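Some labels used for protein structures rest on a cut-off.

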Protein chains: 2
Amino acid sequence: MADDAEKLRADARANRDRILDAAREALAADPEASLHSIAKAAGVGQGTLYRHFATREALALGVYRKDVDAMVALAPGLLARQPPLQAFRSWCDRFAQYGRRKRAIANIVHAAMTEQDVRETYWPMVDAVRRLMAACEGSGEIAPGADPEDFLQLLGCMMQIAPTPEGEARARRLLALAFRGLGAKE
Amino acid sequence: MADDAEKLRADARANRDRILDAAREALAADPEASLHSIAKAAGVGQGTLYRHFATREALALGVYRKDVDAMVALAPGLLARQPPLQAFRSWCDRFAQYGRRKRAIANIVHAAMTEQDVRETYWPMVDAVRRLMAACEGSGEIAPGADPEDFLQLLGCMMQIAPTPEGEARARRLLALAFRGLGAKE
DNA sequence: GATAAAAACGGACACTTATCCGTTTGCGGG
DNA sequence: CCCGCAAACGGATAAGTGTCCGTTTTTATC
């Protein structure tokens with residue numbers, strides 16, 4: 001879990017932390033802050049930033065990993081407290097909405113599905129979906145056989161919708177459509 | 001229809017055409033050719049290129065407009081030759097697949113849904129979907145009430161999938177899921 | 001504590017997108 | 001014909017991303 005930042009030289013580790021701190025602050029102020037400016041704010045050269053985080057998404061992942069993990073960890077709790085289908089629905093709803101609000105998260109999800117170096121993040125998310133789907137299949141609330149990865153791709157799509165009122169409405173409709181596609185009873 | 005390039009000064013028009021020619025060739029060779037290099041190949045300054053086409057997508061649209069129009073124009077023909085649902089399915093399939101193959105098209109569709117200056121392209125596409133959907137509703141093959149724009153967003157999503165064998169398979173599954181979501185009979 | 005190899009640093013550099021603005025040019029009215 | 005000016009040009013310029021490589025620092029070893 002804490003496999004990043006392992007076996008790093010002391011100075012490297014310190015720099016990594018300073019970059020993450022600077023990035024957290026800079027990205028909060030402006031989600032598209034330049035990597036250059038983040039490096040400067042962290043007091044390191046650009047080379048150092050890029051060595052630690054090869055892409056903007058990798059950096060965002062460093063900053064938001066806790067959030068992503070929390071999202072993933074939410075699934076079991078929901079399943080314990082609600083009927084499977086309801087848990088599945090509300091998890092998807094929250095996840096997609098979170099991505100719509102924090103653009104960086106949406107980009108992480110998208111990158112996770114396509115780029116190699118962020119791919120490790122992918123599996124916990126797929127797994128959360130898999131559990132939720134399996135529970136729903138078990139209770140007969142959705143048709144069996146759907147692919148969790150497929151569905152995650154769909155969620156990624158819904159994160160790209162703007163968080164305007166109309167956007168939210170569209171996302172709700174699309175999520176409903178996706179659930180009907182899974183064979184969910186109304 | 002040919003409302004672009006209207007009322008342009010003679011030299012401007014000539015430059016526009018040369019840019020489009022150069023872009024067509026350059027983009028065919030490398031879909032991510034730099035706009036700079038395209039300007040140079042066309043023998044114009046960068047300023048000229050950007051004045052004619054404000055963004056990469058706008059340029060791509062200039063180059064591929066005929067293709068997009070052809071895609072849109074395909075719908076009525078399909079409806080005339082096949083049962084509505086089958087026509088709808090095959091249109092979506094072709095459209096999404098085409099986008100997967102020609103990344104520029106996918107970007108155009110995505111830009112059309114979000115950016116202002118490409119938005120005009122959006123409506124003919126929405127309209128094609130609307131006609132197909134209406135025909136299916138009319139024949140009772142899908143449930144009424146779905147929003148064409150919603151569905152187009154979904155198609156845009158399927159264009160972002162890589163055109164690998166697995167990607168194609170996933171796209172097929174997702175399209176099937178979307179149709180079930182619309183209430184289509186198998 | 002000296003030392004050498006590995007690890008990490010950081011800024012210069014190459015390339016791209018996008019804008020700005022002084023200069024040139026086509027074209028309709030005199 | 002030519003003249004003025006709006007239209008168009010095009011390159012300099014700013015700002016961002018990502019890489020490369022000579023230099024510095026850490027750390028393991030003696």
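Q: What makes the pair A:Arg173 and B:Asp150 a salt bridge?
A: In this predicted model, the side chains of A:Arg173 and B:Asp150 come to 2.6 Å, N to O. The rule asks for a side-chain nitrogen of Lys or Arg within 4 Å of a carboxyl oxygen of Asp or Glu, so a pair at 2.6 Å counts as a salt bridge.

Q: Which side chain meets A:Asp150 in a salt bridge?
A: The partner is B:Arg173, with N to O at 2.6 Å. The cut-off is 4 Å, so the pair B:Arg173 and A:Asp150 qualifies.

Q: How many salt bridges does the rule find?
A: Over all chains the count comes to 24. Between chain B and chain A the count is 8.

Q: Which elements of chain B give two or more residues to the side that touches chain A?
A: They are α8 (148-159) and α9 (165-181) of chain B. The largest share, 7 residues, comes from α9(B). By class, this side of chain B has 8 nonpolar, 4 polar and 6 charged residues.

Q: How many residues are in contact between chain B and chain A?
A: 18 residues of chain B are in contact with 18 residues of chain A. Contact requires heavy atoms within 4.5 Å. The two chains bury about 1700 Å² between them, with 55% of it on carbon and sulfur atoms. On the side of chain B, the residues that lose the most area to chain A are B:Asp150, B:Arg170 and B:Leu177, together 31% of what that side buries.

Q: What is the pattern of chain A along the sequence?
A: Chain A reads α-α-α-α-α-α-α-α-α, and its count is 9 helices and 0 strands.

Q: Why is α1(A) called roughly perpendicular to α4(A)?
A: The axes of α1 (residues 10-29) and α4 (residues 56-81) of chain A come within 9 Å and cross at roughly 95 degrees. Angles of 65 to 115 degrees count as roughly perpendicular, so α1(A) and α4(A) get that label.

Q: Which residues of α1(A) and α4(A) meet?
A: From α1(A) come A:Ile19, A:Leu20, A:Ala23, A:Arg24 and A:Leu27, and from α4(A) come A:Arg56, A:Leu59, A:Gly62, A:Val63 and A:Tyr64. The residues of this contact divide into 7 nonpolar, 1 polar and 2 charged.

Terms used:
Residues numbered from 1 in each chain as written. Chains lettered and ligands numbered in written order. Predicted model: local features only at pLDDT ≥ 70, side-chain atom pairs only at ≥ 80, totals over all residues. Heavy atoms only, no water. Buried area = accessible area lost by both parts, 1.4 Å probe. Helix = DSSP H or I, 4+ residues; strand = E, 2+ residues; numbered from the N terminus. Nonpolar A, V, L, I, M, F, W, Y, C, P; charged D, E, K, R; others polar. Axes fitted to C-alpha atoms, helices over the stretch in contact; angles between N-to-C directions. Parallel < 35°, antiparallel > 145°, perpendicular 65-115°, else oblique.
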